Amino acid sequence: MNIKNLLKVALKALNNNKMRCFLTMLGVIIGVGAVIAMLAIGQGSKNSIKAQISEMGSNMIMIFPGAENRGGVRQSSDDMQTLKPADYEAIVNQATTVAHVTPTVSSSGQWINGNNNYPSQLQGVNSQYLDIRQRKVTEGEMFTEDDVKRAAKVTVIGKTLVDNLFPDGTDPVGKVVRFGSIPMTIIGVLDEKGYNTMGQDQDNIALAPYTTVMKRVLATDYLQGIQASAVDEEETQRTIAEITDILRTQHKLKDTDVDNFTIRSMQELAEMISSTSAMMTVLLAAVAGISLLVGGIGIMNIMIVSVTERTREIGLRMSIGARGKDIMMQFLIEAVIISVTGGILGILLGAFATWMIKAIANWPVMIEASSVVLSFVVCTIIGIIFGFYPAAKASNLDPIEAIRYE
């Protein structure tokens with residue numbers, strides 16, 4: 001019996017039990033749909049995070065006070081006061097591969113304008129912060145180095161603060177608002193960024209000269225961090241090494257002393273997040289893949305039932321010349337048809353589910369061609385593997401006993 005005739009027989013047999021066939025496919029359909037949707041969510045999140053890190057600047061370097069690891073011992077407050085304005089000045093004067101650099105200090109508090117108030121952060125930086133973080137001032141202007149030297153009470157605020165402090169649409173530039181009890185003059189408004197992948201509002205922010213925050217808000221003489229950018233992404237590691245040498249010299253550390261500061265680059269952060277995201281994607285796909293396994297077991301179960309129900313038919317076919325391999329191929333084709341058809345419907349379900357997730361939850365999603373091809377291949381393999389045993393059982397039936405079967 002040729003493949004064409006076997007295919008006709010298989011389709012006819014499946015057509016005689018439409019509902020049972022569909023219910024068998026359902027496990028495969030749900031499994032494939034779940035795998036595609038989970039992979040789309042994972043890949044979409046990964047790409048979104050990469051894009052946002054790229055927007056922040058892949059050559060950005062962050063310097064924090066305190067050693068990275070102290071053997072699990074909690075750091076004291078003295079360990080977190082190791083960065084001084086002199087360290088920032090040393091980097092400015094000595095580093096040759098640094099394009100931009102700014103000290104960073106911050107304080108949380110309530111912004112007040114008349115009867116309107118809103119909680120936010122006041123970040124103390126210098127004017128180079130905009131170049132490092134790739135942001136712009138769309139209204140007004142950024143404060144100057146002269147403002148930094150004078151510790152001027154001026155600020156540049158984000159769109160979220162504008163909307164909450166000036167709900168009537170008043171132009172905020174030139175207005176005086178209060179951060180706690182400290183009056184601050186708004187001299188500019190930052191470009192709108194929206195929420196990032198972590199769910200943080202990037203427009204709920206206010207910038208001021210770092211000297212203003214240190215002297216007038218925090219009353220400290222140390223920095224909470226330093227941010228810098230390398231002249232080129234390829235120079236990032238060299239820049240980190242250069243800054244490390246400068247800070248070790250500044251802090252008078254011996255060769256045997258551990259660093260009392262920590263340096264991180266956006267490249268490291270991107271690699272770490274990508275690795276975590278990839279692990280989560282694999283985990284989600286593995287969990288969704290369990291339903292594919294259940295679907296395969298369902299195919300095996302229904303094919304065994306089918307062999308039992310059609311025992312006399314098998315005996316008759318074998319008695320008129322059908323070979324064992326023809327019987328095996330017939331049932332194997334039926335199993336593969338169920339699996340592949342379920343896979344195709346599952347791909348459509350996965351695409352629809354992905355579209356619904358994006359439309360309703362507004363999550364970043366991305367269906368890759370490789371996930372569709374992989375799902376289709378897996379379905380075919382499942383059909384062959386789980387259909388093989390019932391097909392082999394059918395092919396090994398004794399024709400005489402099969403015909404007598406009631």
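The following dialogue goes through some labels used for this predicted model and the values behind them.

Guide: This is a predicted model, in which local features need pLDDT of at least 70 and side-chain atom pairs count only at pLDDT 80 or more, while totals for chains, interfaces and linings use all residues. Residues are numbered from 1 along each chain as its sequence is written, and side-chain values use heavy atoms, with hydrogens and water left out.

Visitor: What makes K252 exposed or buried?

Guide: Buried means under 20% relative accessible area, exposed means over 50%, and partly exposed is in between, with a 1.4 Å probe and protein chains only. K252 has a relative accessible area of 73%, so K252 is exposed. K252 lies in the loop between α8 (236-250) and β10 (261-265). Helices (H or I, at least four residues) and strands (E, at least two) are DSSP runs, numbered from the N terminus.

Visitor: Which label does Q134 get for its accessibility?

Guide: The value for Q134 is 42%, so Q134 counts as partly exposed. Q134 sits in the loop between α4 (129-133) and β4 (137-140).

Visitor: What is noted about phi of Q134?

Guide: Phi of Q134 is near 55 degrees, a positive value in a residue other than glycine. For K252, too, phi is positive and near 55 degrees, and K252 is a residue other than glycine.

Visitor: Why is Q43 called buried?

Guide: Q43 has a relative accessible area of 17%, and therefore counts as buried. Q43 belongs to helix α2 (residues 18-56). Residues up to four places away in sequence aside, Q43 touches T281, M366 and E368; contact means heavy atoms within 4.5 Å.

Visitor: What makes a set of residues a nonpolar core?

Guide: The residues must be buried Ala, Val, Leu, Ile, Met, Phe, Trp, Tyr or Cys, joined through side-chain atoms within 4.5 Å. The largest such core has 51 residues, and those with the most contacts inside it are I63, I91, W111, F143 and L207. Strand β7 (residues 182-190) gives the most to this core, with 6 residues. Another core lies apart from it and has 33 residues, among them I29, L332, I333 and I347.

Visitor: Which residues does I63 contact, leaving aside neighbours within four places in sequence?

Guide: I63 is in contact with L83, I91, G225, I226, I243, L247, T262 and I263.

Visitor: How do you know that D221 and K84 form a salt bridge?

Guide: A salt bridge needs a side-chain nitrogen of Lys or Arg within 4 Å of a carboxyl oxygen of Asp or Glu. The N to O distance between the side chains of D221 and K84 is 3.7 Å, and the pair meets in a salt bridge. D221 is in the loop between α7 (210-218) and β9 (225-230) and K84 in the loop between β1 (60-65) and α3 (85-94), so the pair ties together parts that are 137 residues apart in sequence. By this rule the count comes to 8 salt bridges.

Visitor: How far apart are the closest N and O atoms of R135 and D191?

Guide: They are 3.3 Å apart, and R135 forms a salt bridge with D191. R135 is in the loop between α4 and β4 and D191 in the loop between β7 and β8 (206-209), so the pair ties together parts that are 56 residues apart in sequence. R135, at 11% relative accessibility, counts as buried, and D191, at 15%, is buried. A network of salt bridges links R135, D191 and D203.

Visitor: What separates D163 and K159 along helix α6?

Guide: D163 and K159 are 4 residues apart in helix α6 (residues 159-165), and are therefore separated by about one helical turn. D163 forms a salt bridge with K159, with the closest N and O atoms 2.9 Å apart.

Visitor: Why are α3 and α8 called oblique to each other?

Guide: Axes are lines fitted to C-alpha atoms, for helices over the stretch in contact, and angles run from 0 to 180 degrees between N-to-C directions. Angles under 35 degrees count as roughly parallel, over 145 as roughly antiparallel, 65 to 115 as roughly perpendicular and the rest as oblique. The angle between α3 and α8 is about 130 degrees, with their axes 10 Å apart. The two helices α3 and α8 are therefore oblique. In α3, A86, D87, A90, I91 and Q94 meet E242, I243, I246, L247 and Q250 in α8.
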